[in-house]
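My notes are below the display.

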Amino acid sequence: MTKHTLYVCKSCAFSLTQLDYLGERGGKYLFDRVSDLAEDWLLKSDFAVEELVCLSACKRPCAIALTGANKTSLMFGDLSPIDSAEAILQLCDQYYASTDGIIPRNERPEILQKSILARIPPSPS
């Protein structure tokens, strides 16, 4: 099946009031947590998890983005680096199963229902 990608901004602050925690950025902490959980994930071979230097959502840390061929790309912010990893992988499961990349707000994990920053249409074929 088509390859999908989850991008995690590794430069995001831990929160709006705290840049680092124990010497580590919130985004890097979140990326490491998601990567650890993804080791046993059923979609591991179909969904890449990658870190990016910046998603330009600095006022809404932590930020992630999901992409897939011929699907709307989604970007989310306001994600706790400590509590979000499991919900992010649940969202990835839903994104993978969708035909167009759109996951209705009320069907997303609760912490991702109010944190969408962008829906970017797929490139024309």
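These entries go through the sheet, then its strand pairs, then the helices.

I am working with a predicted model, in which local features need pLDDT of at least 70 and side-chain atom pairs count only at pLDDT 80 or more, while totals for chains, interfaces and linings use all residues. Residues are numbered from 1 along each chain as its sequence is written, and side-chain values use heavy atoms, with hydrogens and water left out.

I looked up the sheet, and found an open one of five strands in the order β4-β1-β5-β6-β7, with mixed pairing (strands are DSSP runs of E, at least two residues, numbered from the N terminus; two of them pair if DSSP finds at least two bridges between them). β4 (47-52) and β7 (116-120) are at the edges with a single partner strand each, so one side of each has no neighbour in the sheet.

I then followed β1 (residues 4-9), which runs parallel to β4 and is joined to it by six bridges, with C9 partnered by L52 in β4. β1 also pairs with β5 in the antiparallel sense over five bridges, where T5 has T67 as its bridge partner.

Why do I call β5 largely enclosed by the rest of the structure? Four of the five residues of β5 (residues 64-68) are buried, meaning under 20% relative accessible area with a 1.4 Å probe, protein chains only.

Next I checked β5 against β6 (residues 73-76), an antiparallel pair with three bridges, in which I64 stands opposite F76. The two strands form a hairpin with four residues between them, and N70 in the turn has a positive phi of about 60°.

Last, I noted that helix α1 (residues 26-38) lies across β1, β4 and β5, whereas helix α2 (residues 85-97) lies across β1, β4, β5 and β6 (helices are DSSP runs of H or I, at least four residues).

Key:
Buried means under 20% relative accessible area, exposed over 50%, partly exposed in between (1.4 Å probe, protein chains only). Contact means heavy atoms within 4.5 Å. Axes are lines fitted to C-alpha atoms, for helices over the stretch in contact, and angles run from 0 to 180 degrees between N-to-C directions.
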